[in-house]
Amino acid sequence: MPATSDPDANAAGDVSRTQEAILASYAELIEELGTDDVSFRLIARRAGVGERTVFRNYATRVDLLLATAAWIESRIFPRQDSPSIFDMPLTIRAAMESYDHRPELAHVVAETTMRGVSGAAPSPRRAMLEAMLDAEIPMLDDDERRAIVAALAHLDSAATWVTFRREFGMSRRDIADAAAWAAEAVLDPIRSRVG
């Protein structure tokens, strides 16, 4: 099954066993060597497939990187479903802590989306956030709804973790606290409006 440029199509449930082996091997090698020194040959050897098999599934390095970033998000950094929009600060806190445990992989996810690699979904959980808001606070106007979804989608991302870590030199605990606090601040004004 050839890969697509749609990261959702390459998410955990949609990859073949061969693609799973390739993506898992590439993720392992990224943690060991970084992204620059990993050849298709090395990935193929680690995955137990031929080099041509890697090319057949991922014709370019961008295709492979994009699919790997989506795989990492779904397999290494999965999110628990939040029963309520008001549980998002806890979800975001847990995400920040998980990124801190696997920093090389968090950087891959963040840089894939921040650099706008073709096909990367910058806000993969946007639809889920919109659905939760619609269900719990249906009277929000479009501007309020858009602002809340944008803020929460940005906070719930590897890009936020990288910014806090790289630009501010924050610790794991401080990153988790700051992101959760920011999410609480976004949600506080609408708590009294639950329908």
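Visitor: At roughly what angle do the axes of helix H5 and helix H10 cross?

Guide: Happy to start there, and do keep in mind that this is a predicted model. Find helix H5 at residues 88-101 and helix H10 at residues 172-187. Their axes come within 8 Å, and they cross at roughly 155°.

Visitor: Are H5 and H10 roughly parallel or roughly antiparallel to each other?

Guide: Their axes cross at roughly 155°. Angles over 145 degrees count as roughly antiparallel. H5 and H10 are therefore roughly antiparallel.

Visitor: How many nonpolar residues does the contact of H5 with H10 have?

Guide: Let's look at who meets whom. On the H5 side are Pro 89, Ile 92, Arg 93, Met 96, Glu 97, Asp 100 and His 101, and their partners in H10 include Ile 175, Ala 179, Ala 183 and Leu 187. By class, this contact of H5 with H10 has 6 charged residues and 1 polar residue, and the nonpolar ones number 9.

Visitor: Is H5 roughly perpendicular or roughly parallel to H9?

Guide: Helix H9 covers residues 158-168, and its axis comes within 10 Å of the axis of H5, crossing at roughly 65°. Angles from 65 to 115 degrees count as roughly perpendicular. That makes H5, relative to H9, roughly perpendicular.

Visitor: Which residues in H9 does H5 meet?

Guide: H5 passes H9 in a right-handed crossing. The residues of this contact divide into 4 nonpolar, 1 polar and 2 charged. From H5 come Met 96, Tyr 99 and Asp 100, and they meet Ala 158, Thr 160, Trp 161 and Arg 165.

Visitor: Is Leu 90 buried or exposed?

Guide: You will find Leu 90 in helix H5. Its relative accessible area is 60%, and a residue counts as exposed when that value is over 50%. So Leu 90 is exposed.

Visitor: How far apart in space are Leu 90 and Trp 181?

Guide: Along the sequence, Leu 90 and Trp 181 are 91 residues apart. In space, going from C-alpha to C-alpha, the separation is 9.8 Å.

Visitor: Which residues in H6 does H4 meet?

Guide: H4 passes H6 in a left-handed crossing. The residues of the contact divide into 8 nonpolar, 1 polar and 1 charged. H4 brings Leu 65, Leu 66, Ala 69, Ile 72, Glu 73 and Ile 76, which meet Leu 105, Val 108, Val 109 and Thr 112.

Visitor: What distance separates the C-alpha atoms of Asp 81 and Met 128?

Guide: Look for Asp 81 in the loop between H4 and H5. At 70% relative accessibility, Asp 81 counts as exposed. Met 128 is 47 residues away along the chain, and the distance between the two C-alpha atoms is 9.2 Å.

Visitor: What percentage of residues 39-58 is helix?

Guide: An unreviewed UniProt entry annotates residues 39-58 as "DNA-binding region". The end C-alpha atoms of that span lie 13 Å apart.

Visitor: How many helices does the protein have?

Guide: Let's step back to the whole chain. Of its 195 residues, 43% count as buried. The protein has 0 strands, and its helices number 10.

Technical notes. Residues are numbered from 1 along each chain as its sequence is written. This is a predicted model: local features need pLDDT of at least 70, side-chain atom pairs count only at pLDDT 80 or more; totals for chains, interfaces and linings use all residues. Side-chain values use heavy atoms; hydrogens and water are left out. Axes are lines fitted to C-alpha atoms, for helices over the stretch in contact, and angles run from 0 to 180 degrees between N-to-C directions. Helices (H or I, at least four residues) and strands (E, at least two) are DSSP runs, numbered from the N terminus. Angles under 35 degrees count as roughly parallel, over 145 as roughly antiparallel, 65 to 115 as roughly perpendicular and the rest as oblique. Contact means heavy atoms within 4.5 Å. Ala, Val, Leu, Ile, Met, Phe, Trp, Tyr, Cys and Pro count as nonpolar, Asp, Glu, Lys and Arg as charged, and the others, Gly among them, as polar. UniProt positions are given in the numbering used here, feature names are shortened, and annotations may be inferred rather than shown by experiment. Buried means under 20% relative accessible area, exposed over 50%, partly exposed in between (1.4 Å probe, protein chains only). A crossing is left-handed if the near helix is turned anticlockwise from the far one by less than a right angle, and right-handed if clockwise.
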